[in-house]
Amino acid sequence: MAKRKYHYEWAAYTDNLCYGRVFLARGRNRDIVAFQAHNAKKGCFVINRERVYED
């Protein structure tokens, strides 16, 4: 069985009662994702590290 190639990216989602869990930003650099999520002005947000497959 062939191994699947992957890399990790950071993803930001809102985390509040008004908007629910809405995707805000994704990227390989956590600082840039945090900056984009903050500038979306949707309130609280959560940044998670996610595995992204390349196939």
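F23 is partly exposed, with a relative accessible area of 43%. The model is predicted; local features require pLDDT of at least 70, side-chain atom pairs count only at pLDDT 80 or more, and totals for chains, interfaces and linings use all residues. Residues are numbered from 1 along each chain as its sequence is written, and side-chain values use heavy atoms, with hydrogens and water left out.

Three aromatic pairs were found in a search of the whole structure. Rings of Phe, Tyr and Trp (its six-membered ring) pair if their centres lie within 6.5 Å; planes under 30 degrees apart are stacked, those over 60 are edge-to-face, and the rest are tilted. Strands are DSSP runs of E with at least two residues, helices are runs of H or I with at least four, and both are numbered from the N terminus. Y6 counts as partly exposed because its relative accessibility is 38%. Y53 is also partly exposed, at 36%.

Y13 and F23 form an edge-to-face pair, with 5.8 Å between centres and 65° between the planes. Here too distant parts of the chain are linked: Y13 lies in strand 1 and F23 in strand 2 (residues 23-27), 10 residues apart. Y13 is buried, at 13% relative accessibility.

Ring pairs also join Y6, Y8 and Y53 into a cluster. Two arginines sit over rings of this cluster. A charge counts as over a ring if NZ of Lys or CZ of Arg is within 6 Å of the ring centre and within 35 degrees of the ring normal. The charged end of R4 sits over the ring of Y53, 4.0 Å from its centre. R49 lies over the face of Y8, 3.9 Å from the ring centre.

H7 is found in strand 1 (residues 6-14). H7 counts as buried because its relative accessibility is 15%. Its side chain makes a polar contact of 3.2 Å with that of R28. Such a contact is a pair of N or O atoms within 3.5 Å; within protein, one must be able to donate a hydrogen and the other to accept it, and residues adjacent in sequence count only if both atoms are side-chain atoms. Not counting residues up to four places away in sequence, H7 touches R28, E50, R51, V52 and E54. Contact here means heavy atoms within 4.5 Å.

Terms used: Buried < 20%, exposed > 50% of the residue type's maximum accessible area, 1.4 Å probe, protein only.
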